[in-house]
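Q: Could you take me through one part of this model closely, explaining which side chains are covered and what lies against them?

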Amino acid sequence: MGARVLVAGSAALDFVYSVDALPERAEKYAAEAVDIVGGGCAANAAVAISRLGGKSQLLARFGKDEVSEIVLGDILSERVDTLPCVIT
């Protein structure tokens, strides 16, 4: 049986932009593409534990909005227990 871990902290959406090269100056650059992916330190750790065969629970605070529903859905699809999460 894998490890059982409670992870407390943040869950979020990350916006990852693809560019030709890293900017050398503080200027505006056009991104080639953008990916919107789940993030947040605690959520990432809980997902990693689950993918490695452990049993993880996430304790994080979420709002009552569409973004929170997306993030929670993604986390649940990774077999992370979200029962300890707080929705305000």
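A: At 9% relative accessibility, Ser 68 counts as buried, where buried means under 20% relative accessible area, exposed over 50% and partly exposed in between, with a 1.4 Å probe and protein chains only. The model is predicted, so local features need pLDDT of at least 70 and side-chain atom pairs count only at pLDDT 80 or more, while totals for chains, interfaces and linings use all residues. Residues are numbered from 1 along each chain as its sequence is written, and side-chain values use heavy atoms, leaving out hydrogens and water.

Ser 68 belongs to helix 2, residues 66–77; helices (H or I, at least four residues) and strands (E, at least two) are DSSP runs numbered from the N terminus. Setting aside neighbours within four places in sequence, Ser 68 is in contact with Phe 62 and Gly 63, contact being heavy atoms within 4.5 Å.

Helix 2 is also one of the elements against which the buried residues of helix 1 pack, together with strand 1 (4–8), strand 3 and strand 4 (55–59). In helix 1, residues 41–51, those buried residues are Ala 42, Ala 43, Ala 46, Val 47 and Ser 50. They lie on the same side of helix 1 because they cover an arc of only 130° around the axis, the arc being that of the directions from the helix axis to the C-beta atoms. An α-helix has 3.6 residues a turn, so residues three or four places apart point the same way. The face of helix 1 turned away from this buried side carries the exposed residues Cys 41 and Arg 51, and after helix 1 comes Gly 53, with a positive phi near 100°.
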